[in-house]
Amino acid sequence: MNQVVVIGGGWSGIAAAVTARNAGAEVTLLEKTDMLLGLGNVGGIMRNNGRYTAAEENIALGADEIFALTDRLSRHVNVDFPGHAHASLYDVIKMEPAVRRMLEEKGVRIMTIARAIDVVLDSTGKTLKALSLADGRTVEGDVFVETTGSTGPMGNCLAYGNGCSMCVLRCPAFGPRVSLTQKAGLVDIIGRRKGGAFGAFSGSGKLAKESLSEEIQQQLNETGVAVIPLPAELIAPEKLDLKVCQQYALEEFAENVILLDTGHAKIMTPFFPLEKLRRIPGFEDARYIDPYAGGKGNSIRYLSVAERDNSMHVRGLENMLCGGEKSGLFVGHTEAISTGSLAGHNAVRWLKGLQPLELPDQLAIGDLISYANESLKTEDGLYTRYTFAGAEFFRRMKERGLYTTDSQEIRQRVKRAGLENIYREKILH
Ligand SMILES: Cc1cc2nc3c(=O)[nH]c(=O)nc-3n(C[C@H](O)[C@H](O)[C@H](O)COP(=O)(O)OP(=O)(O)OC[C@H]3O[C@@H](n4cnc5c(N)ncnc54)[C@H](O)[C@@H]3O)c2cc1C
């Protein structure tokens, strides 16, 4: 009874599990690999540009626990790098176990190495009853939240990228991502990149910090950031078009190697051939640790977006919601947490028979959710990525007066909308 099943243990699934649990549901979180956090294991950048505003909105809405963790485990705060201000960089090595402990303490049932491969529908074909797992088990639920992301499976990285990049999701070992909405008979929306190709390359990698010169290591440890000019023959501006992360498609990212300290040295480029990388002073011994094929390619994303409404309900299914990259061409942890939190909360409202919550567009989160949805209906919208951190949507935030780092003002906005701590309200007792 009152069982919410979340499929996919990345940031959006984690956030959905937290808000659903806080609203009083029994929650099961399924993750195909042996680790939670998904792409959050290789990211780390929070609070840059408009993500600051969105983080504070989430906190005021009552989705504060995750941000308390990411703030506490930040190696650096208030970091500026080209095109980005006041970033926090969380430690990607410490984050996953900390998140897992937090969920366990809340009473979320976590199932890892639990890959959902199919849906069991009722006779109407519109309501999910259960999920079939790859190992033959069945998981029943009353309402489902799909947060399986959009990375892989290997076939997509082969067809639309440079092959399996051996990323943190480890499809060869744990099995491919499965789109449950597609299994339920719906058609997923597919993102495009410049030139019309499907999907987009993930925009960064990780180098072993110890493989870089002492000088670079010291700079990273002390300031969190190192901007190293590229020799002229290594500048490749065309690579900016490949990137998922349009917020980093700036000249500075083509003319320099930009490194950030997230425990490893995060290199802000989609892939950089190792031989060329080692020609840069200080990188003579450089080595990729994520993805393993980082010198050749990176993972392909954005081939699996569900059609949804602004309350995160999947169109065409009665009891399925979605969040994160599954719910739009969103880039980012904060974006995944924002959409996942709303989806988890609305899953419990659905159980109780309440009207779903939609966030108003006076809040950056509400505006992102509805704007991305509207834009997806246009051809151009399929080429855009939506993030608080830059590019089109951050410009829009500034134009609409939504961007601020004044936490008090943000709390007032949420209060004026009548939504302060809404995610903390217990709906089921
Ligand atoms: C290399 C890289 C660096 C990045 N750096 C940053 C950064 O610094 N800051 C930032 O804000 N954003 C960053 N991003 C983007 C950000 O990580 C993602 O947009 C966001 O974390 C996506 O979260 P998600 O929960 O939607 O999806 P995911 O993180 O992809 O999570 C989906 C989860 O579902 C699981 N899954 C899939 N299919 C199934 C199934 N059938 N059954 C069970 N489980 C399943 C997957 O294993 C995975 O754990 C980065 C992305 C990449 C690839």
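**Group meeting: salt bridges and a ligand site**

Hi everyone, let's start with arginine 137, which has a relative accessible area of 39% and is therefore partly exposed; that label covers the range between buried, under 20%, and exposed, over 50%, with a 1.4 Å probe and protein chains only. What we have here is a predicted model, where local features need pLDDT of at least 70, side-chain atom pairs count only at pLDDT 80 or more, and totals for chains, interfaces and linings use all residues. Residues are numbered from 1 along each chain as its sequence is written, and side-chain values use heavy atoms, with hydrogens and water left out.

Back to arginine 137: its side chain meets that of aspartate 135 in a salt bridge, 2.7 Å from N to O. By salt bridge I mean a side-chain nitrogen of Lys or Arg within 4 Å of a carboxyl oxygen of Asp or Glu. Aspartate 135 is partly exposed too, at 46%.

How many salt bridges does the whole structure hold? The search finds 22. Asp64, Glu65, Lys106 and Arg424 are linked in a network of them.

Another pair is aspartate 34 with arginine 170, whose closest N and O atoms are 2.8 Å apart. These two link distant parts of the chain, 136 residues apart: aspartate 34 sits in the loop between β2 (26–30) and β3 (45–46), and arginine 170 in the loop between α5 (154–160) and α6 (171–174). Helices (H or I, at least four residues) and strands (E, at least two) are DSSP runs, numbered from the N terminus. Aspartate 34 is partly exposed at 33%, and arginine 170 is partly exposed at 25%.

Now for glutamate 325, which pairs with arginine 301 in a salt bridge at 2.8 Å. Are these residues buried or exposed? Glutamate 325 is buried at 12%, and arginine 301 is buried at 7%.

Glutamate 325 also brings us to the ligand. It is among the closest of the 36 residues that surround the ligand, along with Ser12, Glu31, Lys266 and His333; a residue is counted if one of its heavy atoms lies within 4 Å. That shell divides into twelve nonpolar, 16 polar and eight charged residues, with Gly counted as polar.

Why does the ligand lie between two domains? Domain 1 (3–195 + 300–424) and domain 2 (201–290) both give residues to its shell, so the ligand lies between them; the bounds come from an automatic or database domain assignment.

Finally, the backbone: a ligand oxygen is 2.8 Å from a backbone N or O atom of glycine 332. Thanks, everyone!

Key:
Polar contact = N/O pair within 3.5 Å; in protein donor to acceptor, adjacent residues only side chain to side chain.
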